[in-house]
Amino acid sequence: MRLSCERDLPWFVGGPVHNGEMVIVGGGPSVLTRLDAIERRQSNNDTIVACNGANGLLRKNGIEPDLVVLVDPSPAVAGFVTKEEDDGATYLVSSICHPDVFDALSDRMVFLWHPEIPGPQGVGMKIILDEYPDKPVALIGGGCTGALRSLSLGYALGFREFHMYGVDSSYESGGPDHAYTKHDGPEPQPIFIQFDGKNYCCSPWMARQASEFQYYYVQLANVGCSIVAHGTGLIPGISRFLAKARRNGEVKVIAPETVIRAGKRWSKSA
């Protein structure tokens, strides 16, 4: 983070509320069956946000993202940067990303944003940010992945309507875990999750993402946002479940922790 802040980059600060819609695209397998829907949304002037490898996937299919969100500190994230000299996108890059990522983006439009991180690391971040008293700072909360942080980035940018594609958090047992071939190694041993009467195969990080999605869905619903996750995976299933609860008025009154555990819907199965 200290090295990132030393770079001559503009810092992300957000914008006013408006009626635009944000489309957040991840690399889940179901995105391949919904590329036409994403293209239609872009033709309707919706803002397309690519997370990690979805950047290259969309471009190979003729869709140029407006924004690309990168979060993780691994140097492997540099592999999600396309090879063109200037691909036309604006990159929203977390200040905790590896220097290799920023080097790969030296010819692109980049905005630096700062993730909110609790605990001792957060204290260390504050010490670094205090060294820049003249810089406007927006700490961006959210979950463990770029897709979840994109919701918070979008909220700060003034969006209140969100659509998610390829944010599955699961895959068919024995099938591909991503819509593209990962350059950063295979997924860890999968686990099986049961939600709302259906079983899902997912990596441990996907299970965490799905659990956190429930929390942030409720938080954003409580401030007037609409979130729809399209697809056949775990998060789309949770999205439909919570949308029904919201229509029934339950999202406004149920604490996020209660929603997560409702009816023992969130459990690991053999």
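How much space lies in the largest pocket? About 600 Å³. This is a predicted model: local features need pLDDT of at least 70, side-chain atom pairs count only at pLDDT 80 or more, and totals for chains, interfaces and linings use all residues. Residues are numbered from 1 along each chain as its sequence is written, and side-chain values use heavy atoms, with hydrogens and water left out.

**Largest pocket**
- A pocket is an open set of points on a 1 Å grid over the protein atoms alone, where a 1.4 Å probe fits, with protein on both sides within 12 Å along at least five of seven lines.
- Its volume is the space filled by probe spheres set on the points, which are joined across faces, edges and corners.
- The lining has 30 residues (an atom within 4 Å of a point).
- Asn52, Asp72, Thr145, His178 and Trp205 lie nearest the pocket centre.
- Helix 6 (146–156) and helix 7 (204–221) are the elements that give two or more residues to this lining.
- Helices here are DSSP runs of H or I, at least four residues; strands are runs of E, at least two, and both are numbered from the N terminus.
- Helix 7 supplies the largest share, four residues.

**Asp46**
- Asp46 sits in the loop between helix 2 (35–43) and strand 2 (47–51).
- Asp46 is buried, at 11% relative accessible area (buried means under 20%, with a 1.4 Å probe and protein chains only).
- Not counting residues up to four places away in sequence, Asp46 touches Glu21, Val23, Arg41 and Asp66 (heavy atoms within 4.5 Å).

Methods:
Buried means under 20% relative accessible area, exposed over 50%, partly exposed in between (1.4 Å probe, protein chains only).
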